[in-house]
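Me: I've got a chain loaded up and want to talk through its fold before doing anything else. Can you walk me through it?

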Amino acid sequence: MKLGVCYYPEHWPESQWPEDAKRMRDMGISVVRIGEFAWSRLEPTRDSFKLDWLQRALDVLHAEGLEVVLGTPTATPPKWLVDEEPSILAIDENGNAKGFGSRRHYCFSSAVYRRECHRIVEKIVKKFGNHPAISTWQTDNEYGCHSTIASYSADALDAFRLWCKARYIRIENLNELWGNVFWSMEYTSFDQIPLPMLSVTELNPAHRLAFWRFSSDQVAAFNRLQVELIRLHSPGRDVMHNYMGNFTEFDHYTTGADLEIAAWDNYPLGFLDRDGINEDHLKKWYRTGHPDSSAFHHDLYRGIGRLWVIEQQPGPVNWAPHNPAPISGMVRLWALEAMAHGAELMSWFRWRQLPKAQEQMHTGLLLPDGTEDQAAEEVRELGTDLQVLASKGISTTDINENSTAQVAIVFDYAGDQMLRIQPQGINYGPLEWVQEVYTAIRRCGVDTDIVSPQATLDGYQLVVLANSIAIEPALQKNLKSFKGQIIIGPRCGSKTDEYSIPMTLPPGLLQDLLPIKVTRVESLPDFVELTTANGYTAVRWREKVSTELVAESSFDDGWGFYYCHGSVHYLNACLDSDSLLHFVEARLKDAEIETIMCSEGLRLRRAGGYVFAFNYGPQTEQLSPDYHYVLGCETLKPADVAVWREG
Ligand code: GAL
């Protein structure tokens, strides 16, 4: 695994660049990402390109032997462009333009903005495409950050109508599939279709789903425009985009199909506080991040491309409700954990804290005055660890080539979106549920891949569906021929592709696999816990099933709990964490997968013939003295890591 850093030469005097580059090298850094917000310095006014400074920055980094990831600057259209072409601005749900003054103020559907992006990206890739420092390109920055996928502009409206026409061909089909006879929502032409906004009450979920699919396709098309230019003028370089954590507002598989590398930006403490819906988690993990948050995303993005962490939290950030400091050791732990999950790069955001503008309170590896901040020490320590691992032949390549996960969780972006459109219960967190399932598997000491609904399932012993709401044909086919155990979670198969209840009742197409019908569902407030005769506790969501199969147990009111048909297991409720752990453990046993029960804060990862152990918890963990340790030892302190040879 290489070490990297995000650097903004345009923020600092040029005289400082050589010294910065040298210090990066000394710290063990070999990859530097630059350029992704620099449009106003690259083109201060229309066509007045100023690329020389970037040339010099690249030369300085190259002279120090640093490899560069160059970002295209399209996340920050400059003021002159916005003034000249205000139609490029995204329009919010209330019909207001999102103004200049921060970033990501553009509409993916704007033909004018795409033309402008083409112009600036072409200029940059033509100029620097063959610069020896550049190994990789980053397109834009964090598609969707600050809720910027959907735009309700005139361009989006035109493009959405065309998209609908291409998908449904005849307006009668759309009316029928969306159920537009309800509330007299029928259209007589595609030109009548509005964007889903400004309605009196709830919009048709099928309309919203179509708009989500359309918006997701717009991201992929916007990205592809840049990728094509890069491929043309910078042959032999990889292209990546930096995805986010806990973010599902576009289908990453579609955009990722055009890229070699699935990079992501990991802020474990920020995510926990900003996105967490569980107060208990915040109390436990506010200085470490949730023990599965980073790993979950590594596994998710590893299923989309070669895994990179291009931005990693080095200390307190500036954007969460609270911004605590990680306990010492976490910067190193997060990095080694990324490696164990197959990351080829661990890169911190950012090199030096900038004492100005929006992110002045965001830490870096250096303080604003240039002295080292605390993370720098751990980066150095990590350099030594990586040397030790390398001396034993442990490399990311090895880890990725010898992946041994026996479990696959299918992750479905459209399914996640369907659950958000009609949650049917305010406390039903679609992503949280998948993450709870992931946690249960990992607490059993078992590794899991996360795969797309299109992925082949060959080689796994257990496949888990947790958010497969509409079953894609490829998934249906692959499940039918799959020989291992299958867990189907609640709500899977409960909708058609066009957001209606299947006429055979849920789980719809999954009735291919087991003979059940869901005849009633209920969502439950947080204070309700329903216990089954065999001791499981259901929370938030429960389903009543009609079937000839015998339920394994039942609730007090007679609703059955959990149905098994050969190797297919239907879980008809969400469970609390202990119950889910027991349920998953039992299914792993059914699948003949060996389990090692881990405490709440301990996580294991088998990789390349070695086992990595990570301690997120507040207590020291005692591991076996019999292992052959290459890093750490049997006494695993909080925030510490141990690695031993398997077997
Ligand atoms: C990311 C973003 C960076 C920076 C960082 C701060 O979302 O890509 O540009 O803003 O957050 O944590």
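Predicted model: local features only at pLDDT ≥ 70, side-chain atom pairs only at ≥ 80, totals over all residues.

Me: How many helices and strands does the chain have?
Reply: Helices are DSSP runs of H or I with at least four residues, strands are runs of E with at least two, and both are numbered from the N terminus. Going by that, the chain has 19 helices and 26 strands.

Me: What share of the 647 residues counts as buried?
Reply: Buried means under 20% relative accessible area, exposed means over 50%, and partly exposed is in between (1.4 Å probe, protein chains only). With those cut-offs, the buried share of the chain is 59%.

Me: Among contacts between residues at least 6 apart in sequence, what percentage join residues at least 24 apart?
Reply: A contact here means heavy atoms within 4.5 Å. For the chain, the share joining residues at least 24 apart is 71%.

Me: Is Asn478 buried or exposed?
Reply: Asn478 sits in helix α18, residues 473-481. Skipping residues up to four places away in sequence, Asn478 touches Gln454, Ala455, Thr456 and Leu457. Its relative accessibility is 17%, so Asn478 counts as buried.

Me: Where is Asn318 found, and what is its relative accessible area?
Reply: Asn318 is in the loop between β7 (306-312) and α13 (330-340). Leaving out neighbours within four places in sequence, its contacts are Asn323, Gln358, Glu359, Met361 and His362. Asn318 is partly exposed, and its relative accessible area is 24%.

Me: What distance separates the C-alpha atoms of Asn318 and Met361?
Reply: Asn318 and Met361 are in contact. They are 43 residues apart along the chain, and the C-alpha separation is 5.3 Å.

Me: What separates the centres of domain 1 and domain 2?
Reply: An automatic or database domain assignment sets the bounds, giving domain 1 (407-590) and domain 2 (602-645). Their contact takes five residues from domain 1 and four residues from domain 2. Taken over C-alpha atoms, the centres are separated by 32 Å.

Methods. Residues numbered from 1 in each chain as written. Heavy atoms only, no water.
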